[in-house]
Amino acid sequence: MSAELFAIADTCFLIDWSAWRRRDLLFRLFRVVFVPELILREVQSERTILWLSEGLAAGSLALFTETPDVLELAARVVERSRLLPMRGVDLPEAVCLAAGRLRGYTVLTENRGALAAAELLEELSGVRVWRSLELITEGFKRGLLSGSPAEVFAEYEIETGHRFPRRELEVVLRELGGEA
């Protein structure tokens, strides 16, 4: 089975995504989204826990147990991120990045340190990292979302409290043919 069917998500992403009414888009883009045990322990929001429980029961979400090879790479990512002029990466996000690198999963995050690490650290070369911006864009490209892209992105921002970087959102809206 192709690893492209799999994603792995960190805490901030899951908390945001659980608040959005169209959150099931995630399971139409990926067959299974893994949730590391470290991440699961961080979640405290009742809404997020309920959504994760439903996803685990349905098989759309699955627990990811950190293996020695993933933990070793994750520890290196944490250390290396502290040596570069960038926001550091904590172990839970580093586990997602390491799993993305070693297993070929798409990493789902909104964490700026994780985004920077994926671009700057050679240990993470080739890791595909998507934020909600890329996921929603992909949903439109695959015909899984309809309507005005500007309205859908605005809906996400209102429901989750997450603000997209304005310049990047404008680029996406032009690409999708929506108003910028």
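A residue is called buried when its relative accessible area is under 20%, exposed when over 50%, and partly exposed in between (1.4 Å probe, protein chains only). The model is predicted, so local features need pLDDT of at least 70 and side-chain atom pairs pLDDT 80 or more, while totals for chains, interfaces and linings use all residues. Residues are numbered from 1 along each chain as its sequence is written, and side-chain values use heavy atoms, leaving out hydrogens and water.

E110 is buried but has no salt bridge, a salt bridge being a side-chain nitrogen of Lys or Arg within 4 Å of a carboxyl oxygen of Asp or Glu. The nearest side chain of opposite charge is that of R131, 5.2 Å away; Lys and Arg count as positive, Asp and Glu as negative, and His and the chain ends are not counted.

The search of the whole structure finds 14 salt bridges. In one of them, E155 pairs with R21, with the closest N and O atoms 3.7 Å apart. These two residues are 134 residues apart and link distant parts of the chain. E155 counts as buried at 12% relative accessibility, whereas R21 is exposed at 60%. R21 also forms a salt bridge with E159, where the closest N and O atoms are 2.3 Å apart. This pair is separated by 138 residues, and E159 is partly exposed with a relative accessible area of 24%.

A salt bridge also joins the side chains of R80 and E122 (2.9 Å, N to O). R80 is partly exposed, at 22%, and E122 is exposed, at 52%. Through shared partners, salt bridges join R21, R22, E155 and E159 into one network.

Note on methods:
Helices (H or I, at least four residues) and strands (E, at least two) are DSSP runs, numbered from the N terminus.
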